[in-house]
Amino acid sequence: MTVGSIGVVYGDIGTSPLYAFREALLAAVGAHNQAGAHPLVPRDTVLGVLSLIVWALLLVVTAKYVLILLRADNNGEGGTLSLMALAQRTLTKGRSYMLALGVVGASMFYGDSVITPAISVLSAVEGMKLITPALEHYVVPITIGILVLLFAVQSRGTAKVAAAFGPIMIAWFGVLALGGITHISDDPGVVLALNPAWGMQFLVQHKLIGLVTLGAVFLAVTGGEALYADLGHFGRRPIQIAWLGLVLPALVINYFGQGALVLSNPQAIDNPLFMLYPDWALIPVVGLATAATIIASQAVITGAFSLTRQAVQLGLLPRIDIRFTSETHSGQIYIPRINTLLLMGVIILVLLFRSSSSLASAYGIAVTTTMVVDATLAFIVIWRMWRWKPWAAALLVAPFLLIDTTFLAANLLKLLDGAWAPLVFASCLILLMATWRKGTRILADKTRRSEVPLEMLVRNLEKKPPHRVQGTAVFLTSDPDYAPTALLHNLKHNKILHDKNVILTVSTADTPRVREEDRITISPVSEHFSRVKMTFGYMESPNVPRGLAIARKLGWTFDIMSTSFFVSRRSIKPAAQSGMPLWQDKLFIALARNASDATDFFQIPTGRVVEVGTQVTV
């Protein structure tokens with residue numbers, strides 16, 4: 001793992017000490033800090049909260065993700081959609097259920113992508129109030145200014161600034177550990193929190209308040225799922241070494257320091273992290289914290305971009321404009337529409353909640369849902385792909401699933417306090433994905449009814465050949481067994497046929513990437529027709545000309561300057577009778593109209609494209 005990668009992988013979870021312990025402690029004492037009131041903090045409560053946080057880090061992040069799920073890689077790639085693809089590959093029945101779980105997990109990640117920048121930057125900027133109370137009224141404007149600037153620079157790519165991510169985060173983890181070490185001596189007994197009995201005792205004694213506290217404790221492990229998602233970028237071993245050797249120790253030491261400080265000075269519950277440091281160090285620490293939260297925000301933004309590309313390739317979303325910001329790294333992309341939507345969502349959250357404490361109620365539910373999905377999919381992979389006995393796989397996964405569902409239930413208690421925000425956002429995305437999947441299936445079924453089988457058309461053309469012209473015509477279609485609409489219209493209106501005709505189908509594999517030797521499959525149909533299937537991984541951007549160039553190695557002569565690409569442009573109208581309600585028909589049509597042009601999406605030279613318009617109903 002490079003130093004720069006530490007900033008990307010651990011940015012989210014690395015900023016959790018800014019708010020996690022404070023919010024968990026306030027929930028445990030049953031009152032938020034308002035009007036300068038400092039609730040009494042019993043010793044067993046502090047030890048109970050610390051124990052829950054430490055063991056959440058050990059069980060949820062270390063055991064589940066770092067030691068187990070990092071081994072469930074899909075050709076080196078990780079994340080919810082990769083795990084979904086693995087689970088689907090092992091099943092003959094129930095694949096649709098795996099797809100549904102993947103859609104839910106992906107949608108919840110988008111919810112996390114909106115909340116993380118808002119709560120992270122807010123919590124860091126709030127540290128300015130300790131420098132001078134006069135700055136309190138400027139926290140929200142400064143936060144919005146930082147966020148607008150962060151999203152504005154996304155189009156320039158992250159390659160240059162990413163080099164600074166690692167050193168900044170290493171400095172941040174060093175500062176976290178240093179602040180914790182200097183205050184553990186305030187009450188060395190906080191190390192007793194390593195005993196899980198303190199956490200269990202707290203939950204048993206406090207019942208409902210204990211469950212509410214669990215929802216806040218989960219803030220300490222948000223970002224743990226990002227370790228798995230970043231598997232393909234950095235590899236399993238480096239992520240494990242960095243977590244066990246640097247990040248986990250720094251986090252635990254810092255939380256112990258915060259706990260000892262609160263026990264010795266109850267007023268520190270206001271902002272225990274920043275109060276670990278002397279007054280002269282506040283300005284640099286607040287500055288470093290702000291930089292760390294910007295890095296955490298950058299990590300989830302780029303994660304949302306990557307997830308969107310995967311969703312498009314898997315057919316969960318319509319084609320969308322994807323721009324590459326690096327000539328050497330294909331993973332560095334920028335998606336304007338997603339960037340704009342995320343910025344709008346983040347600003348709305350900041351204006352609605354106005355403080356990290358208020359926003360904390362909204363945080364966590366998206367991540368807990370994603371973790372429940374990951375655990376469920378992991379059971380299928382461990383059972384079917386790793387070939388464990390069902391009872392053994394269940395024995396391994398059940399404890400983690402129990403923990404995740406408990407955290408989910410705890411976060412659902414905050415539904416009216418703000419947890420509705422990520423649920424609303426994720427529900428909208430689930431609706432969009434479900435509508436797009438269903439609409440494209442209905443459209444494909446209706447189109448197939450009016451199409452002619454390709455082999456039947458070829459036989460008819462051999463009996464009564466039309467006028468032929470030199471060159472090659474490539475017809476893009478999703479179903480190679482039927483004659484593309486563009487081919488039929490070319491014969492009907494132009495009454496010509498090219499000397500060589502290729503029926504091209506671009507498909508997406510359930511693996512992140514496809515080897516070059518497996519990219520192209522050529523199947524001759526007749527002297528003048530052939531089928532070509534081009535396969536890309538769900539993390540690859542389809543490039544048709546580059547893919548066709550590989551066909552030269554298979555003996556097919558391909559000259560881009562003598563080749564015309566025929567693409568159908570559909571005008572979709574709502575049908576009187578459809579498989580979807582009218583409102584969903586209109587939603588699907590709106591998505592289709594806003595989809596990126598196939599020419600740009602498949603990177604076909606615009607000067608070689610002929611578009612044929614057709615009208616269909618759905």
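Q: What distance does helix α15 reach from its first C-alpha to its last?
A: The model is predicted, so local features need pLDDT of at least 70 and side-chain atom pairs 80 or more, while totals for chains, interfaces and linings use all residues. Residues are numbered from 1 along each chain as its sequence is written, and side-chain values use heavy atoms, without hydrogens or water. Helices are DSSP runs of H or I, at least four residues, numbered from the N terminus; the expected span is 1.5 Å times one less than the residue count. For α15, residues 336–353, 26 Å is expected, and the reach is close to that, at 26 Å.

Q: Which residue with a positive phi follows α15?
A: Its phi is near 65 degrees. The residue is Arg 354.

Q: Is α5 parallel or oblique to α15?
A: Axes are lines fitted to C-alpha atoms over the stretch in contact (heavy atoms within 4.5 Å), with angles from 0 to 180 degrees between N-to-C directions. The two axes come within 8 Å and cross at roughly 50 degrees. Under 35 degrees is roughly parallel, over 145 roughly antiparallel, 65 to 115 roughly perpendicular, and the rest oblique. That angle therefore makes α5, relative to α15, oblique.

Q: Which residues in α15 meet α5?
A: The α5 side includes Val 114, Ile 115 and Leu 122. The α15 partners are Leu 342, Gly 345, Val 346, Leu 349 and Val 350.

Note on methods
Helices (H or I, at least four residues) and strands (E, at least two) are DSSP runs, numbered from the N terminus.
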